[in-house]
Amino acid sequence: CFETMKTIPDNSINLVEIDPPYAMDLHAKKSESSMLGYNEIDSKKYVDFMKQLFTESYRILRDGGWMLCWFAMDPWYEELANLISEANFKFNRLPGIWCKPNGQCSQPQTSLANTYEPFFYCRKGNGHIEKMGRSNVFAFNPIPPAQKWHPTQRPLNLMEEIILTFTRPNSTIYVPFLGSGTTLLAANNCQCKAFGNDLTKEFKDGYVVALKEMINE
């Protein structure tokens, strides 16, 4: 993604949607088979990695554009919030929330099941939300595991709602970590132009199958 970002002109993107590795060892938290192909970042390198990502995102965004960044609340909330501020973004420290009806917990004896995933929404300059006044909670059912082709895949209708909350049709969206490619599918449905990167070919194959199915509907 950093190689691609070097080629993107300043002030040319309306929305950057970042779903980076979480640097929290998801391989240890999920079954090994479900995490095949997932690339993690060493926690010692994570701060520099995210700082570069936020700096480049700010550069390529148009005035009024938005950066959305999914993240692990523990242990990275404060660290990432500070990096976003240092990159000159304006943002609300209360994140957006994807709320799920059922949660997961690897230590049920001592922890409650987690039923949400947070994302910071950050603007460059004087941007405004398209769906002004919308709740910061996005309640959508997750994808059943048997229907996923990526271990952290989000539902299509969730990503469509997020895109339409922060952008309008004909916007240009860049996705540094495509993962399942769902954001590309959602952008197409929202009449936006989108492109991005991923390191794992198997995930691209799953995306291509879904794209063909969508085209043939």
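Which residues does Ala113 touch, not counting those up to four places away in sequence?

## Ala113 and its surroundings

In this predicted model, Ala113 touches Gly103, Gln104 and Cys105 once residues up to four places away in sequence are set aside. Ala113 belongs to the loop that runs between strand E4 (96-104) and strand E5 (114-123).

Ala113 has a relative accessibility of 43%, and because this value falls between the limits of 20% and 50%, the residue counts as partly exposed. Ile84 is 29 residues away from Ala113 along the chain, and the C-alpha atoms of these two residues are separated by 28 Å.

## Glu56 in helix H3

Glu56 is part of helix H3, which covers residues 46-60. With a relative accessibility of 16%, Glu56 counts as buried, because buried means under 20%. When its neighbours within four places in sequence are left aside, Glu56 is in contact with Met5 and Lys6.

## The largest nonpolar core

The largest nonpolar core has 58 residues, and those with the most contacts inside it are Met50, Phe54, Met67, Leu80, Phe120 and Ile162. Met50, leaving aside its neighbours within four places in sequence, is in contact with Pro20, Cys69, Leu80 and Leu83. In soluble globular proteins, nonpolar side chains tend to be buried together.

## Helix H5

Is helix H5 (residues 156-166) largely enclosed or largely open? Eight of its eleven residues are buried, so helix H5 is largely enclosed by the rest of the structure. The buried residues of H5 are Leu158, Met159, Glu160, Glu161, Ile162, Ile163, Thr165 and Phe166, and Ile162 is also one of the residues with the most contacts inside the largest nonpolar core.

Conventions: Residues are numbered from 1 along each chain as its sequence is written. This is a predicted model: local features need pLDDT of at least 70, side-chain atom pairs count only at pLDDT 80 or more; totals for chains, interfaces and linings use all residues. Side-chain values use heavy atoms; hydrogens and water are left out. Helices (H or I, at least four residues) and strands (E, at least two) are DSSP runs, numbered from the N terminus. Buried means under 20% relative accessible area, exposed over 50%, partly exposed in between (1.4 Å probe, protein chains only). Contact means heavy atoms within 4.5 Å. A nonpolar core is a set of buried Ala, Val, Leu, Ile, Met, Phe, Trp, Tyr and Cys residues joined through side-chain atoms within 4.5 Å.
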